[in-house]
Amino acid sequence: MKLQNKMTVLILGLILLLTIAGSLFTLTLISTILEKQIGSRALKVSQSVALIPAIKEDLQRGNPQTSRIQELAERIRRETGAQFIVVGDKDGRRYSHPVVERLGQLMVGGDNDRALVYGQSYISKATGTLGPSIRGKVPVFGDDGRIIGIVSVGYLVENVNSIIHGYYLKILSVFTIIVLLGIALTIKITSDLKNAIFGLEPEEIATLLQEKTATLEAIREGIMAIDSQGNITTVNRAAFDTLGIDKNSDPIGRHVTEVIPETLMLEVLATGKSQLDKVLHHGEKELIVNRIPIIIGNRVTGVVSSFRDKSELDILAKKLSQVKKYSEMLRTQTHEYSNKLHTISGLIQIGGYQEAIELIGSETSGYQQLINTLMNIVPDPVVAGTILGKYNKARELKIDMLVDPDSSMSEIPGWIGREHLVTILGNILDNAFEAVRRKNGGQKIVRLAMTDLGQDLIFEIDDSGPGLEPDLYDKVFDKGYSSKDEQGHGMGLYLVESHVTGMGGTINIGRSELGGCAITVILPKTR
């Protein structure tokens with residue numbers, strides 16, 4: 001059964017149960033109160049009749065035939081609306097009765113002793129000649145204080161039930177209206193609830209919650225959400241790492257400023273305007289933050305914010321920049337080779353075969369020699385391909401890139417990711433190329449030497465650039481530091497050091513015998 005149907009049945013069942021219980025209680029209460037009121041009225045009428053002097057006098061004379069009691073009692077009965085007023089002597093013989101033929105007969109019902117014997121006034125419920133009735137019984141005392149008779153004023157139960165039945169109909173009408181209103185309200189409530197939860201069933205809501213939790217934890221960006229009061233309602237594990245939150249703590253329910261004092265999420269909460277790709281300085285970290293308001297109807301009910309370490313984006317930007325450089329290099333190289341092919345074609349057409357052969361030989365000799373050298377010293381295709389790509393770039397930049405023929409790099413452990421070696425060699429060689437390009441005059445040389453002898457992998461890169469002052473040797477590895485004036489630099493050597501230290505290695509920088517810098521990278525073969 002769907003949730004809406006379940007709620008409708010439960011609420012209607014509860015309304016009916018309460019209505020029936022309320023009706024029964026109300027009717028019982030009315031019946032009890034009405035019987036008490038009628039009994040009290042009967043008792044008061046009896047007491048009033050018992051005090052009439054003429055009735056006392058006739059009871060003391062003891063002659064029912066000449067008594068005025070019947071006339072007085074009937075007149076009072078008509079005025080008070082009682083079903084009967086029976087006056088009897090001390091033996092229970094009737095002096096008045098609505099049915100004249102019963103005068104002089106003994107009273108029935110068996111409930112006169114308390115009045116005739118003990119002199120008590122009371123209310124009783126018994127069956128007489130007219131049927132079941134509620135009676136008020138009062139003894140009549142003579143002038144000497146002796147009991148000389150009894151007055152019984154009664155209302156038939158049948159008439160009382162008629163009165164109660166009238167109340168039954170009114171109460172039933174009221175409670176019928178209540179039930180109908182309850183049905184209408186139930187339908188409205190369940191319909192609104194269904195709309196509020198987008199028509200989802202509890203099982204679907206539970207599934208969505210699990211999917212939401214799994215999705216949040218799968219996102220690498222830190223995610224945090226707050227409610228309209230600024231209290232944290234959601235935070236994923238990535239946010240713990242990005243924001244430096246103690247993993248043993250529970251930030252849920254805490255005010256966001258207790259966790260991120262410098263946040264502007266409260267500003268978004270107040271204005272309802274999104275803030276995209278903003279920089280947030282949190283401790284020593286620089287974060288890229290997006291803040292999006294949660295709007296339900298026309299009201300801002302909360303804010304969701306994502307956090308990402310800016311250094312990760314800088315790394316991606318650096319890698320993208322390298323890809324763009326490679327693309328540009330290939331485009332230029334393609335253009336150059338196209339020109340050379342046209343030159344060779346022209347030489348062949350004019351009969352300059354020897355010149356064409358010499359041009360082809362000059363183009364392929366160094367390149368083929370490098371390929372043969374790399375095949376011998378670097379069997380790994382990824383590392384060899386990186387070196388070959390940098391060689392092509394060096395040629396394009398008019399730089400002589402030399403690979404030491406005595407190098408050896410055939411024992412690269414499997415645990416060392418090739419992408420790490422590509423990043424290390426690629427960035428160091430790029431920096432070396434940039435250094436020699438800034439040198440005015442002289443040879444532009446970059447030399448690479450490698451060895452895997454012993455327990456370490458060792459890479460040495462020398463260049464003939466202008467070099468660095470010794471006090472800058474450590475500073476060049478700082479994030480964002482660059483000797484260039486252009487923007488977008490300062491990440492290459494930072495990335496290199498991060499990868500090297502991450503693998504337990506070391507990196508050193510010094511003066512090269514070529515005149516520029518010499519960078520040595522040592523990576524242990526064992527983890």
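Me: In which strand does aspartate 277 lie?
Reply: This is a predicted model, in which local features need pLDDT of at least 70, side-chain atom pairs count only at pLDDT 80 or more, and totals for chains, interfaces and linings use all residues. Residues are numbered from 1 along each chain as its sequence is written, and side-chain values use heavy atoms, with hydrogens and water left out. Helices (H or I, at least four residues) and strands (E, at least two) are DSSP runs numbered from the N terminus. The run that holds aspartate 277 covers residues 275-282 and is strand β7.

Me: Is aspartate 277 buried or exposed?
Reply: Buried means under 20% relative accessible area, exposed over 50%, and partly exposed in between (1.4 Å probe, protein chains only). Aspartate 277 has a relative accessibility of 57%, so it counts as exposed.

Me: What is the phi of aspartate 277?
Reply: Most residues other than glycine have a negative phi. Aspartate 277 is a residue other than glycine with a positive value, near 55°.

Me: Where is lysine 398 placed, and what is its phi?
Reply: Lysine 398 belongs to the loop between α12 (381-396) and β10 (400-403). Its relative accessibility of 63% makes it count as exposed. Lysine 398 too is a residue other than glycine with a positive phi, near 65°.

Me: Which residues does leucine 280 touch, not counting residues up to four places away in sequence?
Reply: Leucine 280 is placed in strand β7, and with a relative accessible area of 5% it is buried. Contact means heavy atoms within 4.5 Å. On that criterion, leucine 280 touches Ile260, Glu262, Lys285, Glu286, Leu287, Val289, Arg291 and Phe307.

Me: What separates the C-alpha atoms of leucine 280 and lysine 125?
Reply: Leucine 280 and lysine 125 are 155 residues apart along the chain. Between their C-alpha atoms the separation is 89 Å.

Me: Is isoleucine 69 buried or exposed, and which residues does it touch?
Reply: Isoleucine 69 lies in helix α3, which covers residues 69-80. Its relative accessible area is 0%, so isoleucine 69 is buried. Setting aside residues up to four places away in sequence, isoleucine 69 touches Ile55, Asp58, Leu59, Val87, Tyr95 and Ser96.

Me: With which residues is glutamate 201 in contact, leaving aside its neighbours within four places in sequence?
Reply: Glutamate 201 is in the loop between α5 (157-196) and α6 (202-218), and at 15% relative accessibility it counts as buried. From lysine 2 it is 199 residues apart in sequence and 6.8 Å apart in space, C-alpha to C-alpha. With those neighbours left aside, the contacts of glutamate 201 are Lys2 and Leu3.

Me: Among contacts between residues at least 6 apart in sequence, how many join residues at least 24 apart?
Reply: Of the 527 residues of the chain, 40% count as buried. Among the contacts in question, the share that joins residues at least 24 apart is 56%.

Me: Which elements of the chain have the lowest and the highest mean pLDDT?
Reply: The predictor's confidence in each residue, from 0 to 100, is its pLDDT. The chain has a mean of 82, and 91% of its residues reach 70 or more. The lowest element mean, 68, belongs to helix α10 (residues 310-349), and the highest, 93, to strand β12 (residues 456-463).
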